[in-house]
Amino acid sequence: MTAPTNGPDDPDGLSDRDRAVLAVERQSWPGPGTKERAIREQLGISPTRYYQLLNALLDDRRALAEDPVTVNRLRRVRDARRGRR
């Protein structure tokens with residue numbers, strides 16, 4: 001799995017896009033339609049691409065360092081879903 005690309009000003013940190021993905025995930029959403037609309041409007045990407053990026057971030061040590069609460073919460077959710085399969 002390839003790690004997300006870094007921004008030019010922060011070679012050891014996350015890109016602005018990666019930070020924006022984590023910021024969207026930190027928010028509380030009243031329903032899936034609202035979140036998907038925000039993903040398209042704020043990030044300019046499809047929800048499918050958003051979740052691909054988010055899943056890659058969960059395995060990125062830089063994302064964990066940037067936002068440990070969000071990353072650990074999402075890792076627990078992902079692990080629970082895998083356990084039910």
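**Close-up 1. A network of salt bridges links Asp 16, Arg 19 and Glu 66.** A salt bridge here is a side-chain nitrogen of Lys or Arg within 4 Å of a carboxyl oxygen of Asp or Glu. This is a predicted model, where local features need pLDDT of at least 70 and side-chain atom pairs count only at pLDDT 80 or more, while totals for chains, interfaces and linings use all residues. Residues are numbered from 1 along each chain as its sequence is written, and side-chain values use heavy atoms, with hydrogens and water left out. In the bridge between Arg 19 and Glu 66, the closest N and O atoms are 3.3 Å apart. That pair ties together distant parts of the chain, with Arg 19 in helix α1 and Glu 66 in helix α4 (residues 61-66), 47 residues apart. Helices are DSSP runs of H or I, at least four residues long, numbered from the N terminus. Arg 19 has a relative accessible area of 26%, so it is partly exposed (buried means under 20%, exposed over 50%, partly exposed in between, using a 1.4 Å probe and protein chains only). Glu 66, at 41%, is partly exposed too.

**Close-up 2. Glu 25 and Lys 35 meet in a salt bridge.** Their N to O distance is 2.9 Å. Glu 25 sits in helix α1 and Lys 35 in helix α2, ten residues apart. Is Lys 35 buried or exposed? With a relative accessibility of 12%, Lys 35 counts as buried. Its side chain also makes a polar contact with the side chain of Tyr 51, at 3.5 Å (a polar contact is a pair of N or O atoms within 3.5 Å; within protein, one must be able to donate a hydrogen and the other to accept it, and residues adjacent in sequence count only if both atoms are side-chain atoms).

**Close-up 3. Helix α1 crosses α3.** The axes of α1 (residues 16-26) and α3 come within 10 Å and cross at roughly 100° (axes are lines fitted to C-alpha atoms, for helices over the stretch in contact, with angles from 0 to 180 degrees between N-to-C directions). The two helices are therefore roughly perpendicular, a label for angles of 65 to 115 degrees. Contact means heavy atoms within 4.5 Å, and the residues making it include Val 21 and Leu 22 of α1 and Leu 53 and Leu 54 of α3.

**Close-up 4. Ser 46 lies in the loop between α2 (32-43) and α3 (47-58).** Ser 46 is partly exposed, at 31% relative accessible area. Not counting residues up to four places away in sequence, Ser 46 touches Ile 39 and Arg 40.

Key: Parallel < 35°, antiparallel > 145°, perpendicular 65-115°, else oblique.
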